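Biologist: I would like to learn how to read the features of a structure from its atoms. Please take them one at a time.

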Amino acid sequence: MAERTGPNVYSIAAHRGFADALVAGLIPRYSEAELGLARLTLLLPSRRAERIVTEAFVRLSGGGLLLPRMAVVGDLDLDETLGPLLDPLGAGSSVPPAADPVRRWLRLAELLRAELGKDVPKAPGLLRLAFETARTMDRLAIEGIELGDLLQERVAGIVGDLAKHWQDSTRHFARVQAHWLAELAARGEVDPPVRRNLLFDHAARRWREAPPAQPIVAAGITSASPSLARLLRTIADLPNGAVILPDLDLNLDQATWDGLGLAGVPAEPDGAPFGERDALAHPQYHLKLLLNRMGIARAEVDPWHRAGLAAAPPERSKAISNLFLPPEGSARWVDLKAEQRRLSGVRLMESAHPGEEAQAIAILIREALEQPERRVALVTPDRGLAGRVVAHLRRWNIVADDSAGQPLPQTTAGRVLLLLAELAATEAAPVPLLALLVHPLVGAGEGRAAWLENARALDLELRGPRPKPGFAPVEAAIAKLAKRGKGEAIAEWWQGVAAILSPVLALPEDASLAEALDVLAAAGEALCGPRLWGEADGRALAAWLEELRDASSAIGTRLTRADLPQVLRDAMDRVPVRPPWGGHPRIAIYGLLEARMSRADLVICAGLTEGSWPASPSPEPLLPPAVLRALGVPAGEFRIGLAAHDLAGALGAPEVVLSWALRDEGGPVIPSRFVLRVEAMLGDLAEAHRERRAVDFARRIDLAPLAPPYHKPRPKPSPAQRDVALSVTAIDRLRGDPYQFYASAILRLRRLDPLDADPSAAWQGTVVHEVLKRWHQSGEQPGELHAIAAEELSKMQAHPLVRSLWWPRLEKGLQWVVQQVSEARREGREVLKSEIDGEMTLAGVRVYGRADRIDRKADGKLVVVDYKTGKPPSGVQVEKGYALQLGTLGLIAAASGFAGVAGLPDGFEYWSLGKGAKSETGFGYISEPIADGRKKGLPRAEFLTETRRMLIEAIDRWIKGDEPFEARLNPDFAGYNDYDQLMRLDEWQARGEGGA
């Protein structure tokens with residue numbers, strides 16, 4: 001390379017491919033001597049960039065070479081990384097150590113608690129606020145802004161003109177930072193960004209005073225931190241130094257460059273470094289800011305002399321420059337020639353939804369891998385979309401890893417810890433308990449099958465409303481299972497589980513975070529063994545646990561047991577778990593940060609929607625924008641410019657696909673402003689750039705042959721299968737919807753209640769019937785009913801919340817029952833039997849059922865009573881034969897089918913504990929489905945005979961006959977929907993097959 005005067009600053013155009021072009025230029029420049037490259041020090045922006053550059057050296061090295069020393073400028077241990085080069089920056093340096101970030105986070109929470117007083121939020125909110133406070137402090141420190149700058153009169157004047165909540169927020173922030181800085185000074189520490197700034201300044205001063213003999217190159221760094229900019233300027237001025245920038249547009253006309261705004265250079269002394277009209281969202285803005293802070297004009301930057309292996313045509317860079325012109329400059333698009341706005345090799349792919357987008361991307365990747373040595377990169381900020389693509393690729397046995405990693409809470413090991421925390425917070429609620437017991441790591445080994453069998457048996461037993469806290473309901477369920485044939489094995493299994501989990505439930509209400517972590521870690525290891533820590537996610541979990549436990553122990557952090565899961569989840573969300581080794585060697589899946597400096601033959605930029613790429617600019621939650629602007633901190637739109645720069649870099653690949661979906665899981669979305677720019681600049685050329693083939697394949701790849709239409713089911717079981725007994729509660733289904741009877745009585749299928757379900761009508765009915773049964777059998781003493789109800793609710797292991805919500809209604813309903821029974825007794829009516837089973841044989845079929853209550857009136861006739869917790873069947877339903885329970889029970893009583901009951905019923909009453917307008921308590925009323933001229937129903941004299949007729953008719957048609965059990969035979973029947981999915985109701989009802 002020819003000698004040059006002035007600073008050594010270069011730019012690698014987007015179309016050249018940064019990493020490969022960088023290495024292609026470094027190898028010949030520093031390989032003159034045997035150890036030329038080994039003497040080179042290469043400063044890079046991130047660990048990911050270090051890996052990308054290393055891979056580029058491997059690709060271009062030919063027969064092998066010694067790699068240069070590579071250091072990441074963001075590392076806190078930069079002095080140790082560079083070693084003797086920065087001596088005496090290492091051992092014995094005056095640069096103080098950095099404070100532990102986790103300890104700082106927890107300590108800031110305590111300072112905020114003291115500062116906010118009575119307005120302090122709960123632990124999760126407080127810790128999130130502490131994290132935001134630390135992030136704001138770091139952001140100010142990166143810009144070289146100290147606490148004194150925040151207290152300047154000019155800034156204070158701005159704060160005084162703002163809304164009160166901004167004034168309070170700024171004041172709280174300043175006080176907390178002042179306390180924190182005082183503690184740091186007492187310990188001789190500084191915040192991590194401050195230490196980096198000190199390291200940069202120390203290195204710059206050292207190298208200016210004594211330039212190192214070894215060459216130093218800073219490559220790919222775009223951070224505009226003032227201290228880093230000073231270091232880069234020093235490196236650029238070194239005889240053997242160079243600064244190489246990515247994608248600085250050297251062809252952008254000067255008027256447009258000037259139109260980007262002030263970019264850190266005030267228009268007048270003591271003026272604001274950023275103007276209100278600055279083009280913060282432009283992809284070149286942050287590079288202009290960096291050059292300004294380095295004190296270098298764009299004209300002093302030279303183009304890099306080499307291109308990478310995956311370079312695009314040079315015309316691409318000109319098109320990219322035109323694409324991202326500021327609003328005023330984009331008016332030139334109408335005058336651009338076709339060749340100046342043509343993006344050859346760039347395709348636009350629009351999908352209907354993220355699932356279709358992921359499938360189309362997987363097809364593009366699969367197709368690209370058919371070509372030998374072709375590399376593919378998927379770049380997206382949407383980790384959910386990336387995960388879908390990874391899953392779709394597995395159908396072809398292609399393993400691809402997301403280099404952005406997976407959040408720790410979503411990993412297998414992370415879920416164990418969170419489930420244990422939820423178990424402690426909910427005091428062994430069924431959902432977290434059973435999710436923990438069936439977790440893939442829990443109970444794994446030779447006894448895994450038996451473990452899962454016990455867990456699934458417990459699952460079935462715990463379904464329904466949430467039981468009361470603690471292990472008592474679980475132990476009661478285990479006892480029931482043991483009695484039903486599970487034996488001592490399940491009891492022994494649960495004893496072992498309970499011994500492990502008891503310390504988790506024994507955590508105090510106000511727990512020390514360090515002690516809670518110890519208990520959770522011990523329980524997790526006892527359940528999972530060494531498998532919990534064995535894989536990459538387990539090792540990340542162990543490191544995170546150790547770090548948080550040490551910090552919380554030093555700070556003394558305490559929080560309530562109920563807050564534990566959310567606090568841990570928030571902290572774990574900030575820990576990515578990356579695979580220790582890669583998947584397919586020619587596939588890379590990147591986030592935006594990871595994709596910088598990378599290059600592939602095909603780059604797919606996906607998730608290009610507003611709010612995703614670019615992300616919505618979120619305002620600083622603690623300091624007002626006006627204050628940040630006055631301090632010299634770029635506004636939130638600055639991040640849009642970084643996202644635009646990421647896209648501009650990706651557009652430099654030989655082949656690019658820009659992909660977006662028209663909607664997400666929440667509804668329609670807006671395509672990214674960058675996509676709209678591409679379409680607007682292409683104009684009538686846009687249609688030629690559409691990628692439709694992959695989307696069409698994505699729609700067809702899982703499209704199965706059209707199945708024949710499914711018609712209304714009409715099963716016809718054999719006579720032997722039809723020979724079943726009739727329950728009084730099933731007769732209604734038989735006449736109203738025979739298919740429901742078929743599924744229940746013949747197939748014997750039952751609906752499973754979900755875990756933590758709302759109290760169902762069946763559950764409420766069970767409680768009410770048991771309470772009233774015991775009350776009737778104990779002599780119907782008015783004062784005993786409430787005590788019996790409380791005892792039965794306790795037996796049902798009902799959760800206190802369920803009891804508190806349902807008890808007032810139940811109490812009033814039971815009070816009404818006491819009043820009605822007392823009045824009936826005064827009229828000479830007595831309760832003969834309650835909750836009594838009976839049966840009869842009718843037309844050769846056994847008919848059985850349970851009567852809630854049978855009374856005898858003063859004239860000796862019987863009354864059949866059925867308790868309801870809700871609305872009872874109407875007279876119309878009884879008249880049509882869809883509610884024959886009372887009549888069938890009356891027939892059994894008339895046939896002496898109930899032991900100790902003799903007589904002919906002529907009363908048929910529903911006693912509902914629901915809301916009743918005429919009741920003194922507001923709950924409870926009696927309904928009798930007897931036709932009396934004003935309402936529908938069956939005449940009293942014909943009630944039993946009509947019931948008998950309809951019952952025999954049903955027996956003759958379906959039990960003894962051969963009529964099919966047709967689904968929804970009578971649309972007026974208001975039955976249950978337990979079997980709608982089994983009968984595939986939606987498939988045939990929409991075609992009009994729902995009628996009789």
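Modeller: First, the ground rules. This is a predicted model, in which local features need pLDDT of at least 70 and side-chain atom pairs count only at pLDDT 80 or more, while totals for chains, interfaces and linings use all residues. Residues are numbered from 1 along each chain as its sequence is written, and side-chain values use heavy atoms, with hydrogens and water left out.

Biologist: What is the order of the strands in the open sheet of six?

Modeller: Strands of a sheet pair through backbone hydrogen bonds, either parallel or antiparallel. Helices (H or I, at least four residues) and strands (E, at least two) are DSSP runs, numbered from the N terminus. Two strands pair if DSSP finds at least two bridges between them. Here the order is E3-E2-E4-E5-E1-E6, with parallel pairing. Strand E3 (69-72) and strand E6 (302-303) each have a single partner strand, so one side of each has no neighbour in the sheet. Inside the sheet, E1 (residues 9-12) and E5 (residues 241-246) are joined by four bridges, and Tyr 10 has Ile 244 in E5 as its bridge partner.

Biologist: Which strands are joined to E16 by bridges?

Modeller: Strand E7 (residues 346-351) runs parallel to E16 and is joined to it by six bridges; Leu 348 is paired there with Leu 658. Strand E15 (residues 602-605) also runs parallel to E16, with four bridges, and Leu 602 is opposite Glu 655.

Biologist: How many of the seven residues of E16 are buried?

Modeller: Buried means under 20% relative accessible area, exposed over 50%, and partly exposed in between (1.4 Å probe, protein chains only). In E16 (residues 655-661), six of the seven residues are buried.

Biologist: How many salt bridges does the structure hold?

Modeller: A salt bridge is a side-chain nitrogen of Lys or Arg within 4 Å of a carboxyl oxygen of Asp or Glu. The structure holds 61 of them. In one, the closest N and O atoms of Arg 104 and Asp 138 are 2.8 Å apart. This pair links distant parts of the chain, 34 residues apart: Arg 104 is in helix H5 (residues 101-116) and Asp 138 in helix H6 (residues 123-142). Both residues are buried. Another joins Arg 699 and Glu 356, at 2.8 Å from N to O. Here the partners are 343 residues apart, with Arg 699 in helix H30 (residues 693-700) and Glu 356 in helix H16 (residues 354-368).

Biologist: Why does Glu 356 count as buried?

Modeller: Glu 356 counts as buried because its relative accessibility is 9%.

Biologist: How many disulfides does a search of the whole structure find?

Modeller: A disulfide is a pair of cysteine sulfur atoms within 2.5 Å. The search finds zero. Cys 528 has a relative accessible area of 0%, so Cys 528 is buried. Cys 605 also counts as buried, at 0% relative accessibility.
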